[in-house]
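Subject: The structure, and its salt bridges

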Amino acid sequence: MLFAVKMDVAIPHDMDPDRKTETLAKEKAYSQDLQRGGEWVSIWRCAGQYSNISIFDVKDNERLHEILWNLPLFPFMTMDITPLATHPSDIRADQG
Ligand SMILES: O=C(O)C[C@H]1C=CC(=O)O1
């Protein structure tokens with residue numbers, strides 16, 4: 001199942017700098033592990049915003065929830081989640 005997730009990040013300005021550095025490093029490692037595993041298909045920075053749009057390919061809603069809930073930055077994010085369906089004009093959908 002494919003999902004587009006927009007993540008808006010708002011880290012408190014008074015967060016301890018060492019905790020911030022550690023949390024960002026954990027976030028990067030967590031994201032890259034899931035990318036290597038194929039469930040986090042792509043991540044794009046939204047230009048001019050501390051936000052990303054990511055595509056996930058997961059087995060069900062529960063797995064998506066688990067991935068998002070365990071993001072080290074989860075407490076500092078708001079998210080907008082869109083389930084994706086094949087578009088009838090997608091040239092890849094015409095093949096085969
Ligand atoms: O910077 C972000 O967009 C937040 C975040 C999500 C994954 C990651 O590595 O960083």
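Is Arg 92 exposed or buried? Arg 92 counts as exposed, at 63% relative accessibility. (Buried means under 20% relative accessible area, exposed over 50% and partly exposed in between, using a 1.4 Å probe and protein chains only.)

Before the rest, a word on the source: this is a predicted model, in which local features need pLDDT of at least 70 and side-chain atom pairs count only at pLDDT 80 or more, while totals for chains, interfaces and linings use all residues. Residues are numbered from 1 along each chain as its sequence is written, and side-chain values use heavy atoms, leaving out hydrogens and water.

Now the salt bridges, each a side-chain nitrogen of Lys or Arg within 4 Å of a carboxyl oxygen of Asp or Glu. The count comes to 6.

Arg 92 pairs with Asp 90 in one of them, at 3.3 Å from N to O. Asp 90 is partly exposed, at 21%.

Glu 22 and Lys 26 form another, at 3.2 Å. Both sit in helix α1 (residues 17-37), 4 residues apart, or about one turn. (Helices are DSSP runs of H or I, at least four residues, and are numbered from the N terminus.) Glu 22 is partly exposed at 44%, and Lys 26 is partly exposed at 47%.

In helix α2 (residues 61-69), Glu 66 and Arg 63 are about one helical turn from each other because they are 3 residues apart. Their side chains meet in a salt bridge at 2.6 Å, N to O. Salt bridges also link Glu 39, Arg 63 and Glu 66 in a network.

Best wishes

Note on methods:
Helices (H or I, at least four residues) and strands (E, at least two) are DSSP runs, numbered from the N terminus.
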